[in-house]
Amino acid sequence: MRLRPRREVMHAVPPFMAAQFITAVALGTAVGAFAGWQMALLGAGAIGGGTAISIVISAMIWPTQHVSGWKLALVAMLANPTMLLALLATGIGWQCAIGRMHDFGCIASFAGALVVIICLLSVCAGLLWRWWKGRTDVMKT
């Protein structure tokens, strides 16, 4: 069995998917690290796991990454179960956001909003890296 060089393997992973996953794991780890190393592992696992599921679903829908960026971003956001659960938690606690309710249930709503922001940032990082790689590939030719 012949192993492929690392350079070939990295070119096999589309830039959108690679940047989205790396950013999600890094941000999940960084945000979780404020509460301890256990939460850093939980944050990386939860957000990275949801992003991995999103990447698999995106790859099944579009095997090639030569589609519009908004289509990739839309599927990446809607196929991420972590983001959907965070949107649900934020939506349930909508009264906390407008100031009608002030209790411990609001913590889940605000944590959900933070997770939604992290998931959106990872999708934006994927789009940015895809744009950058496409730009440098055009400049090489």
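User: Which hand does the crossing of α2 and α3 have?
Analyst: The crossing of α2 and α3 is right-handed. Keep in mind that this is a predicted model.

User: Which residues make that contact?
Analyst: From α2, they include Met 17, Phe 21, Val 25 and Gly 32. From α3, they include Met 39, Gly 43, Ile 47 and Ala 59.

User: How many are nonpolar, polar or charged?
Analyst: The contact of α2 with α3 has 11 nonpolar and 9 polar residues. No charged residues take part.

User: At what angle do α2 and α3 pack, and how far apart are their axes?
Analyst: The angle is about 160°. The axes of α2 and α3 lie 7 Å apart.

User: So what does that make α2 relative to α3?
Analyst: Roughly antiparallel. The angle is over 145 degrees, so it counts that way.

User: New topic. How much space lies in the second largest pocket?
Analyst: About 290 Å³.

User: Which elements give two or more residues to its lining?
Analyst: Those are α2 (15-32), α3 (37-61) and α7 (106-140).

User: Which one gives the most?
Analyst: α3 does, with 5 residues.

User: How many residues line the pocket, and which lie nearest its centre?
Analyst: The second largest pocket is lined by 14 residues. Nearest its centre are Val 31, Met 39, Gly 43, Ile 47 and Val 115. Met 39, Gly 43 and Ile 47 are also among the α3 residues in contact with α2.

User: And what classes does the lining of the second largest pocket divide into?
Analyst: The lining has 10 nonpolar residues and 4 polar ones. None is charged.

Note on methods:
Residues numbered from 1 in each chain as written. Predicted model: local features only at pLDDT ≥ 70, side-chain atom pairs only at ≥ 80, totals over all residues. Heavy atoms only, no water. 1 Å grid on protein atoms, 1.4 Å probe; cavity = no way out; pocket = protein on both sides within 12 Å on 5 of 7 lines; lining within 4 Å. Points joined across faces, edges and corners; volume = space filled by probe spheres on them. Helix = DSSP H or I, 4+ residues; strand = E, 2+ residues; numbered from the N terminus. Nonpolar A, V, L, I, M, F, W, Y, C, P; charged D, E, K, R; others polar. Axes fitted to C-alpha atoms, helices over the stretch in contact; angles between N-to-C directions. Parallel < 35°, antiparallel > 145°, perpendicular 65-115°, else oblique. Left-handed = near helix turned anticlockwise from the far one by under 90°. Contact = heavy atoms within 4.5 Å.
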